[in-house]
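Visitor: I would like to be taken through this model step by step, with the criteria stated.

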Amino acid sequence: MSSNAVRTEQMQEDDSFLIGGKRFSSRLIVGSGKYPSFQTTRDATIAAGAEMITVAVRRVNITDPNKESLLEYFADLKDLTILPNTAGCYTLEDCLRTARLARAAGVGDFVKVEVIGDEKTLYPDNELTIEACKILSDEGFICLPYITDDPITARKCEEAGAAAVMPLASPIGSGLGIQNEHSLRFIIEQSKVPVIVDAGVGTPSDAARCLEMGADGVLTNSAIALAKDPVLMAAAMKQGVAAGRLAYRAGRMPKKQFASASSPDSGLI
Amino acid sequence: MSSESIEIVFNGESRSTQSATVAELLKEFELAGRKVAVELNREIVQRSDYSGIALKNGDSIEIVQFVGGG
């Protein structure tokens, strides 16, 4: 086998991972909000190579029930896991109620557990989120909690039965990228469940950095949906995630304080 | 459908309907077969019960679906 063939095989070898017992090859989870149309949502999701997509739970429109339904655009994508969120919930009760309704609608047991604690920052209420994970995991839900980049909260969510933890990089929809690399590293180092960096990813380089650090995946919505060309950005995000993951597996060079010549010192003319 | 109409609160709005069951209400609002979830007086109604559960005056019903979100 040629050396090139060996390398290609290495890159393509099974690098999948499990969340709640389900196997995923793609490490890019996408959102479905803020898109100009459902068709663009679909095209971008396919371009991203995503195998999981978040959706929100809201009242049906009684005055215009015929309004198109988002999920109809994904009905033929059988391998796509639907991840309903509990976005917009500020209390434990609302979070549990939303999760249970989502499951009753028949899209499976996955839920992005989200209990918001503050309107301005949209930071999660970690305490209620942990509590929700406990209750919902006991009910058989596969919980992916959205949390701050706090290692203690991440650990408690894991102990509460969460199938993955999803610390934020920066506030939801901000596109500010990783604000506290050190905290995220602690979470990645300690977690026995997958770590998905959720919220704040603004560009493919942000996503690549998350994966390079050893995060198992990223979840991004606005960075794709609000790009001038969402479908192109989705393709870019896919490559950013793939590059970051390969770099993590390759192992980066050690950092040095000073220059270190790449060309030999000897044999100079 | 029964001919008598009842008053219910549907997704927070007062409505009058002739639908006698959850299944009929879903049909009335063209939601039959859609991926929705139903809550009647704060209790989730399972799909298999849609036809069996009768609506009565003063019931509060919530019907939700999935929309775009992150």
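This is a predicted model: local features need pLDDT of at least 70, side-chain atom pairs count only at pLDDT 80 or more; totals for chains, interfaces and linings use all residues.

Guide: Residues are numbered from 1 along each chain as its sequence is written, and chains are lettered from A and ligands numbered from 1 in the order in which they are written.

Visitor: At roughly what angle do the axes of helix 4 and helix 5 of chain A cross?
Guide: Helices (H or I, at least four residues) and strands (E, at least two) are DSSP runs, numbered from the N terminus. Axes are lines fitted to C-alpha atoms, for helices over the stretch in contact, with angles from 0 to 180 degrees between N-to-C directions. For helix 4 (residues 126–138) and helix 5 (residues 151–159) of chain A, the axes come within 8 Å and cross at roughly 15 degrees.

Visitor: Which residues of helix 5 of chain A does helix 4 of chain A meet?
Guide: Two residues are in contact if their C-beta atoms, placed from the backbone, lie within 7 Å. From helix 4 of chain A come N126(A), T129(A), I130(A) and C133(A), and their partners in helix 5 of chain A are T153(A), K156(A) and C157(A).

Visitor: How is helix 5 of chain A oriented relative to helix 6 of chain A?
Guide: Helix 5 and helix 6 of chain A pack with their axes 9 Å apart, at an angle of about 30 degrees. Because angles under 35 degrees count as roughly parallel, over 145 as roughly antiparallel, 65 to 115 as roughly perpendicular and the rest as oblique, helix 5 of chain A and helix 6 of chain A are roughly parallel.

Visitor: How many of the ten residues of helix 7 of chain A are buried?
Guide: A residue is buried if 20 or more other C-beta atoms lie within 10 Å of its own, exposed if 12 or fewer, and partly exposed in between, with C-beta atoms placed from the backbone. What covers the buried residues of helix 7 of chain A includes helix 6, strand 9, strand 10 and helix 9 of chain A. Helix 7 (residues 204–213) of chain A is mostly covered, and the number of its buried residues is eight.

Visitor: Which element gives the most to the side of chain B that touches chain A?
Guide: In this contact, 22 residues of chain B meet 31 residues of chain A. Strand 3 (36–40) and strand 5 of chain B are the elements that give two or more residues to that side of chain B. With seven residues, the one that gives the most is strand 5 of chain B.

Visitor: Which residue stands opposite A56(A)?
Guide: Two strands pair if DSSP finds at least two bridges between them. Strand 4 of chain A pairs with strand 5 of chain B in the antiparallel sense over five bridges. In strand 5 of chain B, the residue opposite A56(A) is V67(B).
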